[in-house]
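Thanks for making time. I have one structure to go through this morning, so let me put it up.

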Amino acid sequence: MPDYLNYEITVTVSPLYQISGQRYGKMIASKQWEFLQFFIYETLKKHDIHYQIYPEFHKNMSIHVHGHARLPLDMNKFDIVDIHKRFNQIGRSNFKPVSNLLTWLSYICKDYKELQMRYTSPMYSAITL
């Protein structure tokens with residue numbers, strides 16, 4: 001039995017969201033990916049949550065992300081709700097328990113071979129899954 005909770009991360013930013021005075025939808029894809037890495041890191045580091053995210057192109061050609069997070073078993077429900085609300089402030093997101101871990105992990109890295117991009121937080125290890 002793992003000593004953590006498996007959570008799904010999906011973050012889709014509204015094209016109208018402003019980042020340093022520029023609309024997210026107008027930013028080039030590499031800048032969108034850079035922003036998402038930083039935003040998710042800043043949101044989760046406070047809670048010492050280890051995670052991995054993968055970029056994916058949305059139908060409007062903006063980057064959104066899917067990922068996996070490992071939350072401590074004793075994680076405070078208020079903190080989980082705060083994280084979900086913070087993600088939703090910039091668009092649409094999911095931050096919820098994973099119902100089928102192997103299926104989810106297979107899905108989130110489906111574009112990895114083509115894009116060769118992911119961000120893995122320090123101390124995240126796929127070996128311990």
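Which residues in α1 are buried? Keep in mind that this is a predicted model. The buried ones are Gln-32, Trp-33, Phe-35, Leu-36, Phe-39, Ile-40, Thr-43 and Leu-44. Around the axis they cover an arc of only 160°, so they sit on the same side of α1.

The helix itself runs over residues 29-45. With 17 residues at 1.5 Å a residue, α1 should span 24 Å, and its end C-alpha atoms are 24 Å apart, so the two values agree.

Next, the salt bridges. A search of the whole structure turns up two. As a reminder, side chains of opposite charge can pair when their charged atoms come close.

One of them joins the side chains of Lys-31 and Glu-34, at 3.7 Å from N to O. Why can these two reach each other? They are three residues apart in helix α1, so about one helical turn separates them. Lys-31 is partly exposed, at 41% relative accessible area, and Glu-34 is partly exposed as well, at 47%.

The other joins Glu-42 and Lys-45, with 3.3 Å from N to O. This pair also lies in α1, three residues apart, about one turn of the helix. Glu-42 counts as partly exposed at 29% relative accessibility, and Lys-45 is partly exposed with a relative accessible area of 43%.

Now to the nonpolar residues. In soluble globular proteins, nonpolar side chains tend to be buried together. Here the largest nonpolar core has 26 residues, and the members that touch the most others are Ile-9, Val-11, Ile-40, Leu-44, Phe-87 and Phe-95. Which elements supply at least two residues each to this core? They are β1 (4-13), α1, β4 (50-57), β5 (63-72) and α2 (77-88). Of these, α1 gives the most, with six residues.

There is also a second, separate core of six residues, which includes Val-98, Leu-101, Trp-104 and Ile-108.

Let me finish on Ile-9. What does Ile-9 touch, leaving aside residues up to four places away in sequence? Its contacts include Leu-44, Tyr-51, Ile-53, Val-65, Ala-69, Phe-87 and Phe-95.

Methods:
Residues numbered from 1 in each chain as written. Predicted model: local features only at pLDDT ≥ 70, side-chain atom pairs only at ≥ 80, totals over all residues. Heavy atoms only, no water. Salt bridge = Lys/Arg side-chain N within 4 Å of Asp/Glu carboxyl O. Helix = DSSP H or I, 4+ residues; strand = E, 2+ residues; numbered from the N terminus. Buried < 20%, exposed > 50% of the residue type's maximum accessible area, 1.4 Å probe, protein only. Core = buried A, V, L, I, M, F, W, Y, C linked by side-chain atoms within 4.5 Å. Contact = heavy atoms within 4.5 Å. Expected span 1.5 Å × (residues − 1). Arc of directions from axis to C-beta.
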